[in-house]
Amino acid sequence: MGASGGGVRKVVDCRVCGGTDWQEVVSFGPVPLANGFLDPTDSYDGEPYYPLGVISCRSCRLLSVTHIVDPEILYRDYPYVTSDSDTITRHMRYVADTCRERFGLSPGSFVVEVGSNTGSQLMPFQDAGMRVLGVDPARNLARVAAERGVETLPDFFSAETASAIARGHGRARLILARHVFAHIDHVAGVVQGVRGLLSEEGVFAVEVPYLLDLFGQNAFDTIYHEHLSYFSVGTLVSLFERHGMRLFDVERLAVHGGSILVFVQRDDGPWPVRPAVGELLELERRAELDGDAVYRDFALNVDRVRDELPALVRRLAAEGKRIAGYGASAKGNTILNVCGFRPGELEFCSDTTSLKQGKVLPGTHVPVCSPEYAKAHAPDYYLLLAWNYSDEILRKEAGFLSGGGRFIRPIPKPVVVSADAL
Ligand code: TMP
Ligand code: ZN
């Protein structure tokens with residue numbers, strides 16, 4: 001293990017309700033950053049590790065990470081490029097179509113995206129003649145977005161940036177925040193900023209991993225330092241209420257292992273509250289998210305994978321099987337590091353992202369290679385670290401499977417997938 005990093009602080013007050021009565025849920029000890037890909041070197045002694053775990057606020061049931069790493073460390077140079085996988089491309093098209101049709105957007109409407117990455121989600125709006133503005137602190141990505149023709153402010157979204165945007169561009173009909181809200185510590189400031197930037201009929205569309213899916217799928221690999229909050233609909237409703245906003249609709253989606261897309265407006269906004277909100281609140285009530293037991297059960301399920309997965313991989317290795325990783329996702333790094341995998345246990349990790357190829361994974365230092373290299377050096381087993389793209393990947397790798405290759409799907413519990421399972 002490398003150095004324990006500076007730039008980290010322990011969570012004391014709940015970022016949603018201010019409460020301080022926390023239930024401890026899981027604690028993984030010191031873990032390197034999930035997107036902390038490294039250049040290969042002889043020694044990784046300086047690699048920063050930070051404590052990782054989650055706790056649940058007994059007042060509002062926000063599930064929060066235990067320690068917050070300085071966002072300047074996490075995001076200024078960020079290797080995560082919004083996936084151009086079929087799954088995500090289709091999903092972004094769906095989000096754009098849904099918002100356009102439901103909320104009466106038309107050419108000239110102003111659309112802002114928080115955490116806009118390389119601009120892919122804004123492009124369909126821009127193509128339909130709308131004015132768009134991305135906001136993303138990753139300077140490397142904001143540059144790429146600008147080169148692709150999507151105007152992007154290379155900064156963190158805050159109440160201050162929101163009012164500067166309103167002054168310069170006017171109010172927004174739609175503010176998008178896909179898989180970024182869970183990354184934000186100062187949620188109150190961001191929600192206030194959003195409220196000030198939205199027009200009267202404006203909509204804030206937020207997509208986050210869903211707490212019920214985290215538990216239902218045992219998707220503990222979404223737990224990493226970037227994800228500060230794990231939300232239920234109930235917690236989001238109370239968060240927005242505190243800041244003069246109303247959550248009026250919600251959809252469950254399969255992306256990223258199970259997410260919710262919630263639609264929020266100012267509390268004087270025109271959109272009627274849809275039945276889906278009450279239905280999910282009822283589901284959450286029945287799941288007893290307000291009691292301690294469900295969080296204890298989750299911790300037991302996580303421990304089971306932490307025991308079984310390394311045992312399975314080590315048994316196969318002892319039988320002489322060659323094992324590699326498939327998909328160098330941030331989630332995958334949580335799995336490897338939280339399960340205690342060591343350097344050398346995976347021969348390589350295949351990934352389509354050119355920014356990651358040639359680097360090594362944080363913690364385990366497994367070399368990341370291109371799919372072409374992987375194909376030429378196909379192992380006996382792939383550990384499916386990008387399990388959230390399971391269908392797409394198994395389809396794509398039908399040849400590997402029919403040639404006798406196998407996948408290990410780690411979550412919800414480790415299983416081996418071979419051609420006859422298709
Ligand atoms: P994500 O879950 O954060 O989108 O990360 C998925 C990672 O998996 C990303 O680095 C791209 C990679 N990947 C592949 O290597 N092959 C694939 O077929 C897919 C869908 C993803
Ligand atoms: Zn709370």
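UniProt positions are given here in the numbering used for this structure, with feature names shortened, and such annotations may be inferred rather than shown by experiment. The model is predicted, so to speak of local features a pLDDT of at least 70 is needed and side-chain atom pairs count only at pLDDT 80 or more, while totals for chains, interfaces and linings use all residues. Residues are numbered from 1 along each chain as its sequence is written, chains are lettered from A and ligands numbered from 1 in the order in which they are written, and side-chain values use heavy atoms, with hydrogens and water left out.

**Stop 1: the annotated spans**

Select residues 255–412, where an unreviewed UniProt entry places the feature "domain: C-methyltransferase". This span is 41% helix and 15% strand, and its end C-alpha atoms lie 16 Å apart; helices (H or I, at least four residues) and strands (E, at least two) are DSSP runs, numbered from the N terminus. Next select residues 14–75, which the unreviewed entry in UniProt labels "domain: Methyltransferase putative zinc binding". Here the chain is 8% helix and 42% strand, with 23 Å between the end C-alpha atoms.

**Stop 2: the domains**

Colour the chain as domain 1 (8–66), domain 2 (86–290) and domain 3 (310–421), bounds that come from an automatic or database domain assignment. The centres of domain 1 and domain 3, taken over C-alpha atoms, are 25 Å apart. Their contact (heavy atoms within 4.5 Å) takes 15 residues from domain 1 and 15 residues from domain 3.

**Stop 3: ligand 1**

Show the 17 residues around ligand 1, of which Asp351, Lys356, Asn388, Tyr389 and Lys396 come nearest; a residue belongs to this set if one of its heavy atoms lies within 4 Å of the molecule. The shell divides into 6 nonpolar, 8 polar and 3 charged residues, where Ala, Val, Leu, Ile, Met, Phe, Trp, Tyr, Cys and Pro count as nonpolar, Asp, Glu, Lys and Arg as charged, and the others, Gly among them, as polar.

An N or O atom in the side chain of Asn388 is 3.0 Å from a ligand 1 oxygen atom, and for the side chain of Lys396 the corresponding distance is 2.4 Å.

**Stop 4: backbone details**

Most residues other than glycine have a negative phi, and most peptide bonds are trans. His179, in the loop between strand 9 (172–178) and helix 6 (187–197), has a positive phi of about 50°. His256 also has a positive phi of about 50°, and lies in the loop between strand 12 (245–253) and strand 13 (259–266). Finally, select Ile411 and Pro412, which are joined by a cis peptide bond with omega about 5°.

Definitions and conventions:
Polar contact = N/O pair within 3.5 Å; in protein donor to acceptor, adjacent residues only side chain to side chain.
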